[in-house]
Amino acid sequence: MSKLTKNQKLALSKLEAGKTYTLAEAAELVKEMTYTKFDASLDIDVRLGVDPRKPNQMVRGVVTLPHGTGKQVRVLVLCNPDAAAAATAAGADYVGLDEYIEKIKGGWTDVDVIITQPAIMGKIGALGRILGPRGLMPNPKSGTVTMDVAKAVEEVKKGKIDFKVDKNGIVHSSIGKVSFDADKMVDNAREFIATLVKLKPATAKGTYIKSVYLSSTMSPGVKIDPKSIDA
């Protein structure tokens with residue numbers, strides 16, 4: 001087991017053992033516990049009372065964070081020529097079709113989100129083995145396969161993210177940056193939790209939001225009292 005660094009020990013010393021914090025307290029604490037020289041991501045982990053092995057309990061969705069992600073999202077739009085101008089005007093970083101499909105086949109994946117049209121999916125299907133493992137495969141459920149590619153670009157640039165519960169029943173996502181004001185961190189977290197609540201499967205029994213942790217890229221997780229979240 002590796003030894004803790006000075007900063008890791010300092011961060012852990014700020015946590016009170018066994019305590020659960022309010023969301024507002026957790027946001028302030030994560031800011032205090034983060035000592036990275038770069039602007040660390042703000043991460044949230046929510047354990048849900050669902051069984052992801054059952055198709056009717058798979059929780060997946062999208063949310064537009066009120067204060068964005070704080071990240072410059074690189075967007076590639078694969079579309080027909082008639083939609084290219086609108087996609088570019090909406091802020092897409094790369095727009096095209098066959099030339100980018102060939103680049104991806106050659107190993108290029110230097111983007112964060114790929115948006116396309118339903119009619120193009122036939123061409124993109126062969127890229128699944130490259131895009132799938134990187135989480136870049138367009139999907140109608142996440143809004144990245146759409147007739148209105150310009151609107152999709154605008155939403156992604158404003159802070160729209162997609163998420164999915166993992167095999168352990170946990171939803172993990174980055175919801176901002178530690179440089180955000182604590183109030184903005186709280187707003188983003190509340191919006192994320194509220195979206196999860198709306199997506200509660202009808203077949204899920206018992207406690208739905210089992211636990212919530214807030215952390216930064218290199219900080220310990222801060223346990224939050226779910227009752228302190230207005231969701």
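Mentor: Happy to! Let's take Ala 89, which counts as exposed because its relative accessible area is 71%; exposed means over 50%, buried under 20%, and partly exposed in between, with a 1.4 Å probe and protein chains only. Before going on, please keep in mind that this is a predicted model, in which local features need pLDDT of at least 70, side-chain atom pairs count only at pLDDT 80 or more, and totals for chains, interfaces and linings use all residues. Residues are numbered from 1 along each chain as its sequence is written, and side-chain values use heavy atoms, with hydrogens and water left out.

Ala 89 belongs to helix H3, which covers residues 81–89. Helices here are DSSP runs of H or I with at least four residues, strands are runs of E with at least two, and both are numbered from the N terminus. If you look from Ala 89 to Lys 160, you move 71 residues in sequence, and their C-alpha atoms are 18 Å apart in space.

Now for a contrast: Thr 195 sits in helix H8, residues 182–198, and is buried because its relative accessible area is 11%. A polar atom of the Thr 195 side chain lies 2.9 Å from the backbone oxygen of Glu 191. Setting aside neighbours within four places in sequence, Thr 195 touches Val 62, Val 63 and Phe 163, where contact means heavy atoms within 4.5 Å.

Let's step back to the whole protein chain. It has eight helices and nine strands, and 46% of its 231 residues count as buried. Among contacts with a separation of 6 or more, 73% join residues 24 or more positions apart. The C-alpha atoms fill a box of roughly 55 × 45 × 35 Å along the principal axes.

Terms used
A polar contact is a pair of N or O atoms within 3.5 Å; within protein, one must be able to donate a hydrogen and the other to accept it, and residues adjacent in sequence count only if both atoms are side-chain atoms.
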